[in-house]
Amino acid sequence: MTPTLGTEANPFRVAIIGSGPSGFYAADYLLRNPELVVEVDMFDRLPTPFGLVRGGVAPDHAKIKSVTRLYDKIAACARFRFFGNVELGRDITREDLSAYYHQIIYAVGAQSDRRMGIPGEDLLGSFAATEFVGWYNGHPDYRELQFDLSQQAVAVIGNGNVAMDVARILASSYEELAQTDIADYALEALRASKVRDIYLLGRRGPAQAAYTNPEIKEMGELAEADVIVRPEDAALDPLSADYIANSGDRVAERNVEILRQYAEQPPRGKSRRIHMRFLVSPTELGGTNRVESITVVKNELYVSDDGSLRPRPTDVTETIPVGLVFRSIGYKGLALPDVPFDARAGVIPNVQGRVSDPQTGTTVTGDYCVGWIKRGPSGIIGTNKPDSIETAALMLQDAAAGRMHQPAHPEKDAIVALLRARRIDYVTYEDWLAIDRIEQERGKALGRPRLKFTRIADMLDALHEARRMPDPAGD
């Protein structure tokens, strides 16, 4: 007689695809459930976990990265396993997952960027901000990219935290960057950078900027960069002034205050300048073979039908000489093999996290999603926790109602046997901790917090070598 499902003898098994914050928060909720014994296996195509916390958070934001300590505690649960270097569609399929797990969560984030859709966007020197961020963070997908930092002027399109990160990294001194875990090749390239003027261009006004108070304050604390805000850019139009006066939005109010301070202070003659511009939208990138300029149109704000303030173009344009452009105007998810996808929205279609079939509108039994692939690219790391809990709570309801996959191979060791039969060199969480220690030791030798491996082959080589070494504790 088969033991009751959800007991120690017959655990309820869940697969999570993706190892960023949303995946870990979902795992935590499921593992803490007192009424059902759940085992969670987390898969990631990289050998390293944590998603954008490792590959997207700016290297000089160590405090934000410290959230990984919580994920370490979640991973320490005996009913949690990590399978890194395992890619859905390459090493395992959705059909495999439904044969080994009762439920599946997709937690793969938004891996692509939105385009501007303007002439010249594909010129040499035009990049997505995600590419530059991945490059300086040592993400294996981006480490081979080349950015011509011999250019004197750069435009960064967007007014969110990612755009601010890009501008700040470009404007930081070698000494400031050398204290971080920035990729070693990026550190040296930025040390030789000739960039002197960074134009941070936002399509709306200063009261609508999406960055946080700490992000805008950090700009003024850089050792080698002046923040240049023209008085007319710091001034609020009547609609924005009314919003600040009546909305109670303290973040926006403080952002405006800081910008006014920048506008009032004279430049201190530092070697780099961050020009913060507002109410401008790019209309064209100029150049013959590569980017040589960006043309922007001046915007004005109006009240849309839904009551929000939106920008619309005027007939005033301006051309700014620049040799590099980074766009940071939003992100979108990518389709997964054999998983429903809404290409227009860039998400997996779902109802509160239950994956749905876009043709019929019915939910796909046993399949769920969390994070940016569920709701789109909005919020900060902490926003993922309530989002993941919403999905995980529905998963437990469905489990109680018997709405799940009926796996033919639910045994704990079955997936391990499958991966080994396919000769997949998977990485466990213990393996990741070994890679983590090696990176920190490499960094310590240079007086840095860590020196990242930026190629998957190098990570696996270091791991294989560590496995051959005797345990210093004698275990």
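We start with the whole chain, then go to a helix pair, then to a pocket.

**Whole chain.** Keep in mind that this is a predicted model. Show everything as cartoon: the protein chain has 18 helices and 18 strands. Switch to the C-alpha trace and orient along the principal axes, where the span is about 80 × 55 × 40 Å. How does the radius of gyration sit against that of a compact globule? For 475 residues, such a globule would come out near 23 Å, and the chain has 24 Å, so the two agree.

**A helix pair.** Now select residues 129–136, which is helix α6, together with residues 184–191, helix α9. Their axes lie 7 Å apart and the packing angle is about 110 degrees. Angles of 65 to 115 degrees count as roughly perpendicular, so that is the label for α6 and α9.

Last stop: select Pro-59, Ala-62, Lys-65, Asp-181 and Pro-449, the closest to the pocket's centre among its 27 lining residues. The volume here is about 670 Å³. Which helices each give the lining at least two residues? Highlight α2 (52–55), α3 (62–65), α4 (68–75), α8 (174–177) and α17 (429–444). Colour by class again, and the lining of this pocket splits into 13 charged, 8 nonpolar and 6 polar residues.

Conventions:
Residues numbered from 1 in each chain as written. Predicted model: local features only at pLDDT ≥ 70, side-chain atom pairs only at ≥ 80, totals over all residues. Heavy atoms only, no water. Axes fitted to C-alpha atoms, helices over the stretch in contact; angles between N-to-C directions. Helix = DSSP H or I, 4+ residues; strand = E, 2+ residues; numbered from the N terminus. Parallel < 35°, antiparallel > 145°, perpendicular 65-115°, else oblique. 1 Å grid on protein atoms, 1.4 Å probe; cavity = no way out; pocket = protein on both sides within 12 Å on 5 of 7 lines; lining within 4 Å. Points joined across faces, edges and corners; volume = space filled by probe spheres on them. Nonpolar A, V, L, I, M, F, W, Y, C, P; charged D, E, K, R; others polar. Rg over C-alpha atoms; globule rule 2.2 N^0.38 Å.
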